[in-house]
Amino acid sequence: MSESKIAGLHRMLENKEISCQELTQAYLDAMERDNGSLNAYVTATPESALETAAAVDEKLARGESIGLLEGIPMTLKDNISTDGIRTTCCSKILENYVPIYDATVWKLLRQQNAVLLGKTNMDEFAMGSSCENSCFGGAKNPHNVNHVAGGSSGGVASAVGGHLAVYGLGSDTGGSIRQPASFCGIVGMKPTYGAVSRYGLIAYASSFDQIGPITTNVEDAAIVFDAISAYDEMDSTSQGRQGEPVCRTLKNDIKGMKLGIAREYLDGVRDDVRQAVEQAAEVYRSLGAEIVFFDLPALKYALPVYYILACAEASSNLGRYDGIRYGYKAESYSDVNDMIKKTRSTGFGEEVKKRILLGTYVLSSGYYDAYYKKAQKLRGTLVSAFSDAFRSCDVILAPTVPMTAFENGHAVSDPVETYLTDICTVPVNITGLPGISVPCGYDAKGMPIGMQIIGNSFEEAKILNAAWQYENAARIYKPSDFGVKL
Amino acid sequence: MVTKEEIMKIAILSKLFVADDEIDGLTEDMGKIIAFADTINNAADEGTDFDHINHLSNVLREDVVVPSLDREKILANAKDSDEGCFLVKNIMK
């Protein structure tokens, strides 16, 4: 096969150069061969994948036309509910949980005969930046398996970067789509809060969580975003995509587009990462875009604000795991209270417990005003600061992560140091804005570097357009050696 | 500075047990995280009122009964159920 993009595979299916069953089988065989090295998938669904593929082949045999995503093999992060398919959040507390309904995003894709190959690895409850907080062990980086895939959607990024799926859906609460996409040298987009339904996404921090695409290229991200961004009455914060499909404006000229660089985003970023972003700015200049520098002092509040608010919401959301209605339940206990405590203490991993404790602390009497309320007000400050920034530029250019993928087991042991890796990604979640990570270089060891393009609310079309133009001009993407051979 | 006693109290509120051999490490980690969170209290910025991302307001609809999830299917995920209900140890003696 010489094609790995959605539109190309779609043409091959339509022209009967390959059957959907052959395409699906190629991915299933690659999973069989390579998942042992990458640990991207935690549940494989070969039977239902081949069943869907057979249905697509029958349609094609009858001469019917098929949709763009029809018959394309893909994956979902294991916190997106799939009716009848185990969904674990990579936590012991949900190890045998089988949802009885579909998340809206999966319902939308399933209706289009998307071929689900399986569910992918993640940090437990999406809490982490290395995927190593998974009860199944971490997913590995397809560019070098001695390095992490990133997190929390590490499994999706590893699968897509390792060609064990054409595309996947992840979730992004503080960078969980963009950071692993950056580490694995691929594309990941966090849409505007409300653009994509959260119904059926197992909650971490509800005012931050957003589902989005992880793909090898910008065009695929646009295709998938168009397919999943619809108003949904099942999510009270849903607004759907505002405006026409983003695919229509993807390749527009960007002459005169203003790209802003906030100086604070480059502070403390590793030299090679900063240089790669600066080189990307040069590429933009050569395309006729204008680069404007500005100050965004409120950025210094972003990380503590994020951890206070996200953990507060998590402590409330994770209150539902009591062993009574679903999930793991302690074996022996004296009374109901003891049962709930034992269930939670054994079922949750260390990082999850730490965040529940922090969240409970900042919400508890005596501390609420100093932490939660103050953080909420600074969230307002950040929202205004970004809103002001978009008066002088169309999109903002920034690094995705201050470094590249670290080696397995080398996530920093100091908890605050670990959280600092999220410094460039959390502002977008705090403000609800859309952000996309695209590859913009490689470090001395060959590990990918990513940059982020941030847009104003519901301006996915603009960031995808800017990302596509850069990708097309710079040609940075290098496929990894794993998976279906291209 | 966060104390062991505070961590124990928060653990009770969170319905979590903290083992004796975990408490020292956890207190140290939490101390670091809370000291970091505390940086916002040194902010000269008073902040701006924040209602909700995208300034959403409630969406109202008619209260119409629509099909819901099947009881048997819901109970299938519970470790213990009986006569169409979730089963827990008696709460009142």
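**Ground rules.** This is a predicted model, in which local features need pLDDT of at least 70, side-chain atom pairs count only at pLDDT 80 or more, and totals for chains, interfaces and linings use all residues. Residues are numbered from 1 along each chain as its sequence is written, while chains are lettered from A and ligands numbered from 1 in the order in which they are written.

**Confidence.** I noted scores of ipTM 0.94 and pTM 0.97 for the model.

**Overall form of chain A.** I looked up the extent of the C-alpha trace, which spans about 65 × 55 × 45 Å along its principal axes. The radius of gyration is taken over C-alpha atoms, and the globule rule is 2.2 Å times the number of residues to the power 0.38. For 486 residues a compact globule would have a radius near 23 Å, and the 21 Å of chain A agrees with this. I call a residue buried if 20 or more other C-beta atoms lie within 10 Å of its own, exposed if 12 or fewer do, and partly exposed in between, with C-beta atoms placed from the backbone. By that count 60% of the 486 residues of chain A are buried.

**Secondary structure and sheet.** Helices (H or I, at least four residues) and strands (E, at least two) are DSSP runs, numbered from the N terminus. Chain A has 16 helices and 13 strands on this basis. Two strands pair if DSSP finds at least two bridges between them. I then traced an open sheet of 11 strands in chain A, with mixed pairing and the order β1-β3-β2-β6-β8-β7-β12-β13-β11-β9-β10. Its edge strands are β1 (41-44) and β10 (290-294) of chain A, each of which pairs on one side only. From one strand to the next the twist averages 30 degrees.

Helix α5 (residues 154-161) of chain A packs on this sheet, where it touches β1, β2 (73-77), β3, β6 (167-171), β7 (187-190) and β8 (211-215) of chain A. Axes are lines fitted to C-alpha atoms, for helices over the stretch in contact, and angles run from 0 to 180 degrees between N-to-C directions. The direction of α5(A) makes about 165 degrees with that of β6(A).

Ala44(A) stands opposite Gly118(A) in β3(A).

I also followed β4 (residues 140-141) and β5 (residues 144-148) of chain A, which pair in the antiparallel sense over two bridges. A hairpin connects β4(A) to β5(A) through two residues, and Asn141(A) has Asn144(A) in β5(A) as its bridge partner.

**Loop residues.** Which residues does a cis peptide bond join, with omega about 5 degrees? They are Gly151(A) and Ser152(A), and Ser152(A) lies in the loop between β5 and α5 of chain A.

I checked two residues for positive phi. Asn39(A), in the loop between α2 (20-38) and β1 of chain A, has phi near 55 degrees although it is a residue other than glycine, and it counts as buried because it has 22 C-beta neighbours inside 10 Å. Phe125(A), in the loop between β3 and β4 of chain A, has a positive phi of about 55 degrees and is not a glycine; Phe125(A) is buried, with 28 other C-beta atoms within 10 Å.

Not counting residues up to four places away in sequence, Ser238(A) touches Gly194(A), Ser197(A), Tyr231(A) and Asp232(A). Its C-alpha atom is separated by 6.8 Å from that of Val196(A), 42 residues apart along the chain.

**Chain A against chain B.** The contact takes 55 residues from chain A and 38 residues from chain B. On the side of chain A that touches chain B, α13(A) gives the most, with 12 residues.

How values were computed. Two residues are in contact if their C-beta atoms, placed from the backbone, lie within 7 Å.
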